[in-house]
Amino acid sequence: MGWTLVVAAVAFTAGCLMQESTPLPVDNPSLETHLPAAQMPLARASVGVANPQLSRVVQAKSSYATDYQQLQLLLALAATNPALAMEKAGQFKGAIKAKAQAEVLDIWGGLDPNAAWSWVQLNQPENNSRFISLLETIGRKDPRMAVAFAEKFAETHREYRKDIYSSLITGLTQNGAYRMSTDLVGRLEIEPDTKAELINSIVGIWASYEPHSALQWLMTQPEDFKVSHLERLVESWSDADPQGAVDFAAAQSGAMRESLLFPAFKKWLAQDASSATAWLSAAQSHKDFDPVIAELATQPIVTNGDVKNALIWAGRVHDPELRINTVTSILSAFKQKDPKMAAVYLQEATFLSDTERARLIEDLVF
């Protein structure tokens, strides 16, 4: 559907470019010379040419700026005739030439993956980066073809396997081929660290769109494998659905809950403080919640600068040391504005023991 819209949007411009196929002058790759006379004013306007005299200047002295403007017309042509567009891209100079070829190839790979891959094999067989970047494009269009190309390319370019499969996995996951991606990585004979990195990438993107499916798959894996990738899953999940991620993290136990809950809740607090606060208010008090309670209590923007409210939250912290540190953070900030009232708040904090209060008085220099 995306490419259909692109083709429809640029059909008129591309049609104009294809009226004549005379090669572009090597010293001035202007696409304007390939437009019929009736379209010349439009072409001049597209490159900012306001009159014939200025047009002659543009033709006489090419620059990166004018080439870049011509590149936009070239990409319109690529949407309907990528082979011709690639031919003309080769007539640009310097950095704009590499950019033109890369962008045309990206469009071509989305339209006809096999033809795009064949072009690189025929014209730039030593350009490994071109093959690798094209794998991502083809992965989005035709996952099975991309896997076939990648496996064959990796056989003869083993030193680039990490880059090859990273590019491929990016394309496959953007296509939504998550299970194909995990199956592929599972059978690869590559370094364990590289394999773990690829799985982490898959899990991260998968959890952004289908967190429950990603979780279901991950839960079927060996325990060590599951633990090593669960943090990445919850991290991505919390970007898309912070409450869902927090609910899952809170339902875990021990070290797992401790490692997953805080980062997920912190994201939720930043995105929707009122909902996150309401959730924490209703949650059953537990020492594993201490870090998120302390985080909330020390955020004036969350507590609306209400010191009493912040101290009430601090009083819910189970760990004595963290509770004292939380109170210290709250009152030291408020003391800068009103030291007398800060001292009053400290005396009114009934959840503190006499020993803890004495320590705070000394630390805060009241």
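**Cores, helices and salt bridges**

Guide: The largest nonpolar core holds 95 residues, and those touching the most other members are Leu-74, Leu-233, Phe-265, Trp-279, Leu-280 and Phe-289. The model is predicted: local features require pLDDT of at least 70 and side-chain atom pairs pLDDT 80 or more, while totals for chains, interfaces and linings use all residues. Residues are numbered from 1 along each chain as its sequence is written, and side-chain values rest on heavy atoms, without hydrogens or water.

Visitor: What makes a set of residues a nonpolar core?

Guide: Its members are buried Ala, Val, Leu, Ile, Met, Phe, Trp, Tyr and Cys residues joined through side-chain atoms within 4.5 Å. Buried means under 20% relative accessible area, exposed over 50%, and partly exposed in between (1.4 Å probe, protein chains only). In soluble globular proteins, nonpolar side chains tend to be buried together.

Visitor: Which residues does Trp-279 touch, not counting residues up to four places away in sequence?

Guide: Trp-279 touches Gln-243, Val-246, Asp-247, Ala-250, Leu-261, Phe-265, Trp-268 and Phe-289. A contact requires heavy atoms within 4.5 Å.

Visitor: How many helices and strands does the protein chain have?

Guide: There are 23 helices and 0 strands, where helices (H or I, at least four residues) and strands (E, at least two) are DSSP runs numbered from the N terminus. Of the 366 residues, 44% are buried. Among contacts between residues at least 6 apart in sequence, 55% join residues at least 24 apart. The accessible surface, computed by the Shrake-Rupley method with a 1.4 Å probe, comes to about 18500 Å², and carbon and sulfur atoms account for 53% of that area.

Visitor: Why is the pair Glu-151 and Arg-187 called a salt bridge?

Guide: The term requires a side-chain nitrogen of Lys or Arg within 4 Å of a carboxyl oxygen of Asp or Glu. The closest N and O atoms of Glu-151 and Arg-187 are 3.0 Å apart, so the pair qualifies. Glu-151 lies in helix α9 (residues 143–156) and Arg-187 in helix α11 (residues 178–187), so the bridge ties together parts that are 36 residues apart in sequence. With a relative accessible area of 27%, Glu-151 is partly exposed.

Visitor: What parts does the pair Arg-323 and Glu-356 tie together?

Guide: These side chains meet in a salt bridge at 3.0 Å, N to O. Arg-323 belongs to helix α21 (residues 320–335) and Glu-356 to helix α23 (residues 354–364), so parts 33 residues apart in sequence are tied together. Both Arg-323 and Glu-356 are buried.

Visitor: How many salt bridges are there by this rule, and which residues are linked in a network of them?

Guide: The count is 15 salt bridges. Asp-106, Glu-136 and Arg-140 are linked in a network of salt bridges.

Visitor: Is Arg-357 buried or exposed, and how do you know?

Guide: Arg-357 has a relative accessible area of 11%, and buried means under 20%, so Arg-357 counts as buried. Its salt-bridge partner is Asp-354, with the closest N and O atoms 3.8 Å apart. Asp-354, at 66% relative accessible area, is exposed.

Visitor: What does the side chain of Arg-357 reach at 3.2 Å?

Guide: The side chain of Arg-357 reaches the backbone oxygen of Leu-346. Not counting residues up to four places away in sequence, Arg-357 touches Leu-346, Gln-347, Ala-349, Thr-350 and Leu-352.

Visitor: How does the reach of helix α10 (residues 161–175) stand against the expected value?

Guide: The expected span is 1.5 Å times one less than the number of residues. Helix α10 has 15 residues and reaches 21 Å from its first C-alpha to its last, close to the 21 Å expected. Its buried residues are Arg-161, Ile-164, Tyr-165, Ser-167, Leu-168, Ile-169, Gly-171, Leu-172 and Thr-173. Their cover includes α8 (128–141), α9, α11 and α12 (192–209). Just after α10, Gly-176 takes a positive phi of about 95°.

Conventions. A polar contact is a pair of N or O atoms within 3.5 Å; within protein, one must be able to donate a hydrogen and the other to accept it, and residues adjacent in sequence count only if both atoms are side-chain atoms.
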